[in-house]
Amino acid sequence: MIYTDTRDKNVAVNFKTAVMNGMNMVTGGLYIPTEYPKLNTDFINRVPEHSFREVAFEMARPYMDGEISDSDLESIIQDAYPFTAQVVPVDPVTYIIELFHGPTCAFKDFGARFMARMMSYFNRGENDNLHILVATSGDTGSAVGSAFHNVQGIDVTILFPDGKISPLQEKQLSTFDGNVRALKVKGTFDDCQKLVKTAFTDKDLRNKFRLSSANSINISRLLPQSFYYMYAATVAKNRSPHDSKIENPSIIAIVPSGNFGNLTSGLIAKKMGAPIEGFVAATNSNHTVPDWIATGNYTPRPSVATFSNAMDVGAPSNYERITSMYTLEQVRELFASYWTDDAGTIKAIDNCHEKTGYIIDPHGAIAWKAWNDIRHGAMQKLANGESFDYNKPGLTPNLPTWANKVIQKKAIGLVLETAHPSKFGSIVEKACGREPVMPDRLEKVLSLPDKAVPINNDYEDFKQWLVSNL
Ligand SMILES: *Cc1c(COP(=O)(O)O)cnc(C)c1O
């Protein structure tokens with residue numbers, strides 16, 4: 001597969017280069033594949049559907065063709081995914097797609113574990129370690145740390161803002177041993193990011209060490225997220241005639257979004273033939289993308305803090321990928337968009353629990369609420385010409401091509417649940433009166449010693465630490 005760049009279509013690199021560089025330092029653009037090969041329809045339509053790992057293998061293959069052999073890819077997938085996405089029906093037309101069964105209980109495990117194995121594969125034969133530096137405001141650090149933990153030839157240094165992430169998140173970052181270390185910086189997330197960026201441009205440091213990033217813009221984090229869309233859509237397609245009694249329903253994926261990496265992965269799955277007709281971009285008070293869909297103007301802004309903090313992104317980095325794959329008009333045909341505030345999020349958690357018995361986290365809750373509102377009248381009102389204000393919480397004034405399918409009750413929804421609710425236990429309990437049970441793998445982390453090393457928000461101190469510890 002040849003990869004090009006969102007900013008310069010003359011760029012042509014192989015998979016290894018796209019993975020190891022992360023982004024194109026020359027143009028500042030993001031790597032994208034030049035094609036999205038469709039899976040065989042017999043494969044997609046098989047009853048019973050293929051397993052998650054079989055889907056992963058078929059989908060990954062063309063993107064690394066000639067660079068990674070089938071047998072190596074098969075072992076990588078086995079090793080990356082001892083867990084799967086779970087498709088949970090909560091009412092006849094709604095499936096919750098649980099993406100939190102990985103080690104850190106958030107969907108980022110799907111991308112991070114694949115990326116770690118790709119980097120390790122391409123790093124083999126090197127004499128010196130590859131040093132990954134990553135700044136995190138929460139979930140990314142633990143997914144990346146866990147994914148690279150004990151991976152040979154690579155070590156990871158995670159920087160996080162002291163006192164600005166949740167105690168559980170801090171534990172998840174700071175309790176690794178061996179090749180994953182955490183630094184708690186007396187500063188903000190932006191300060192952490194600045195320290196990392198300065199290190200990458202420090203020639204002296206780069207001459208001493210091989211440095212790399214594990215950013216969410218890396219194509220090897222995005223591709224594997226498309227696997228679970230394909231898998232979940234095939235499961236839902238086979239189940240829904242029994243569950244919903246609708247013949248050939250349209251499948252709509254509702255995606256709680258921050259940087260829009262997850263949604264971009266859904267677009268890749270659709271291009272590869274996943275039976276998904278449309279998407280709902282669901283966000284919190286950081287509604288840059290819904291505003292863009294409503295008005296046509298893309299206006300990035302500073303982020304605001306919400307209960308669904310992994311979606312607190314005012315300038316989503318994958319906007320650039322979406323617009324290189326689709327025009328605004330095509331996006332409007334394909335996407336509905338929806339946002340809600342913290343009050344709406346609390347109501348959504350409560351409402352979801354009351355109606356279905358399912359305990360949902362604040363991120364998934366926004367997606368659930370979007371689907372629930374859309375199919376219970378909001379789309380109908382919009383189609384009737386009622387005016388919707390995009391500055392207010394709710395459905396954004398845009399009718400996708402599949403709107404009528406929802407109005408005529410011929411659609412089913414895949415609600416992506418991106419984190420385990422116990423990661424946000426106190427919010428969930430406050431909202432619905434039920435405290436989610438913490439999985440053993442999270443519980444265990446709480447009893448481990450916190451090994452984070454405190455450092456000042458000072459580049460020379462940071463550099464000194466790297467020089468003495470890498
Ligand atoms: C990162 C994250 C998101 C947002 O995903 P994007 O790919 O950035 O849109 C949503 N929910 C949870 C729990 C996350 O950790």
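D373 and K369 both sit in helix α17, four residues apart, which is about one turn of the helix. The model is a predicted one. The side chains of D373 and K369 form a salt bridge, with an N to O distance of 3.7 Å. Their accessibilities place them in separate classes: D373 is partly exposed at a relative accessible area of 26%, whereas K369 is buried at 17%. An α-helix has 3.6 residues a turn, so residues three or four places apart point the same way.

**Salt bridges**

How many salt bridges does a search of the whole structure find? The count is 17. Side chains of opposite charge can pair when their charged atoms come close.

| Pair | N to O distance | Relative accessible area |
|---|---|---|
| R117 and D79 | 2.7 Å | R117 13%, D79 44% |
| K208 and D204 | 3.3 Å | K208 47%, D204 37% |
| D373 and K369 | 3.7 Å | D373 26%, K369 17% |

D79, at 44%, counts as partly exposed.

K208 and D204 are four residues apart in helix α9 (residues 203-208), so about one helical turn separates them. K208 is partly exposed at 47%, and D204 is partly exposed at 37%. Both residues also belong to a network of salt bridges that links D202, D204, K208 and K463.

**Helix α4 and its cover**

Helix α4 spans residues 70-80, and its residues L73, I76, I77 and A80 are buried. Viewed down the axis of α4, the buried residues fall within an arc of 95°, so they line one face of the helix. Which helices are included in what covers the buried residues of α4? Among them are α3 (52-60) and α5 (108-123).

In soluble globular proteins, nonpolar side chains tend to be buried together. The largest nonpolar core here has 142 residues, and within this core F15 and F148 touch the most other members. Helix α17 (residues 362-383) gives the most to this core, contributing 10 residues.

Leaving out residues up to four places away in sequence, F148 touches M115, A116, M119, I132, I154, V156, N179, V180 and A214.

**Strand pair β3 and β4**

Strand β3 (residues 86-91) pairs with strand β4 (residues 94-98) in the antiparallel sense, over five bridges. The two strands are joined by a hairpin through two residues. Within the pair, V88 stands opposite I96 in β4.

**N372**

N372 is another residue of helix α17. Is N372 buried or exposed? N372 is buried, because its relative accessible area of 7% is under 20%. Not counting residues up to four places away in sequence, N372 touches N351 and K355. The C-alpha atoms of N372 and T94 are separated by 9.2 Å, while the two residues are 278 residues apart along the chain.

**T288**

T288 is found in helix α13, which covers residues 288-295. With a relative accessible area of 1%, T288 is buried. To which backbone oxygen does the side chain of T288 reach? The side chain of T288 reaches that of G314, at 2.8 Å. G314 is also one of the residues that T288 touches, along with Y298, T299, P300, R301 and P316, when residues up to four places away in sequence are not counted.

How values were computed. Residues are numbered from 1 along each chain as its sequence is written. This is a predicted model: local features need pLDDT of at least 70, side-chain atom pairs count only at pLDDT 80 or more; totals for chains, interfaces and linings use all residues. Side-chain values use heavy atoms; hydrogens and water are left out. Buried means under 20% relative accessible area, exposed over 50%, partly exposed in between (1.4 Å probe, protein chains only). A polar contact is a pair of N or O atoms within 3.5 Å; within protein, one must be able to donate a hydrogen and the other to accept it, and residues adjacent in sequence count only if both atoms are side-chain atoms. Contact means heavy atoms within 4.5 Å. A nonpolar core is a set of buried Ala, Val, Leu, Ile, Met, Phe, Trp, Tyr and Cys residues joined through side-chain atoms within 4.5 Å. Two strands pair if DSSP finds at least two bridges between them. The arc is that of the directions from the helix axis to the C-beta atoms. A salt bridge is a side-chain nitrogen of Lys or Arg within 4 Å of a carboxyl oxygen of Asp or Glu.
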